[in-house]
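Good morning, everyone, and thank you for making the time. Please have a look at the sequence and the structure on the screen, and then I will walk you through two places in it.

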Amino acid sequence: MPKSLFWARTDTAGSEHVVLDDGQGLTAQGVALAVDPIPYTCRYRLTVGPDWSTNRLEVESEGAGWSRSVRLERGRDGWRVRTGEEGDLDAALSAAGHPPAGLPGTDDPGRLAEALDVDLGGSPLTNTLPIRRIGLGRLPADLATAVNVAWVLLPGLAVVPAEQVYTSLGPGRVRYASGTFTADLEVDPDGFVVRYPGLAERVDPR
């Protein structure tokens, strides 16, 4: 049966709602909203294979006077990246006192060659992908595993390669690290985030 998950952002005003099926890999459609750095709406569609490596991610983001899209597809010859843009996001960011986002996508998809996972900025859902793919719940506590991801930044949809480290801390707890940043995540038995300190908390129906 499909699942419906909802997170409230704790770092800013915002939320994420996703409807997914994880019976054979993962198919998911979600919407994320946030007010920082400027108000935006993000819609995404994600397809993950039975081995829990990502096959495709399509993302659209939009705000007042602008919209962007990026499509990532992983094949035998690497990642293919397609982008679209209308309006002027960088002008909207500048007017709000923020630096420009740059262009959506990447000018060198080859830099993503080692990535098996995607990480959509601010989305707790995409933390589940490496957790399930490497079987983190079955690994000994304190065993760290490094993964390479295609990191999609919001709201600008630039795509950059990143190395992240996941460490099992025992039942229901996972440490996530990227560069100097670390967070101890609470996850449910299926590896979906319940609480991501400093980012989001899951809200279940009453």
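**A loop residue and a group of rings**

I would like to begin with Thr 12, which you will find in the loop between strand S1 (3-9) and strand S2 (14-21); please keep in mind throughout that this is a predicted model. Is Thr 12 buried or exposed? Its relative accessibility is 14%, and since buried means under 20%, Thr 12 counts as buried. If we leave aside its neighbours within four places in sequence, the residues in contact with Thr 12 are Ala 34, Val 35 and Asp 36. With Asp 36 there is also a polar contact, made from side chain to side chain, at 2.5 Å.

Let me now turn to the aromatic residues, where the structure holds 3 aromatic pairs. Which parts of the chain does the pair link? Tyr 176 sits in strand S11 (residues 173-178) and Tyr 196 in strand S13 (residues 193-196), so that distant parts of the chain, 20 residues apart, are linked by the pair. Tyr 176, at 6% relative accessibility, counts as buried, and Tyr 196, at 8%, counts as buried too.

Finally, if you follow the ring pairs, you will see that they link Tyr 166, Tyr 176, Phe 181 and Tyr 196 into a cluster.

Terms used
Residues are numbered from 1 along each chain as its sequence is written. This is a predicted model: local features need pLDDT of at least 70, side-chain atom pairs count only at pLDDT 80 or more; totals for chains, interfaces and linings use all residues. Side-chain values use heavy atoms; hydrogens and water are left out. Rings of Phe, Tyr and Trp (its six-membered ring) pair if their centres lie within 6.5 Å; planes under 30 degrees apart count as stacked, over 60 as edge-to-face and the rest as tilted. Helices (H or I, at least four residues) and strands (E, at least two) are DSSP runs, numbered from the N terminus. Buried means under 20% relative accessible area, exposed over 50%, partly exposed in between (1.4 Å probe, protein chains only). A polar contact is a pair of N or O atoms within 3.5 Å; within protein, one must be able to donate a hydrogen and the other to accept it, and residues adjacent in sequence count only if both atoms are side-chain atoms. Contact means heavy atoms within 4.5 Å.
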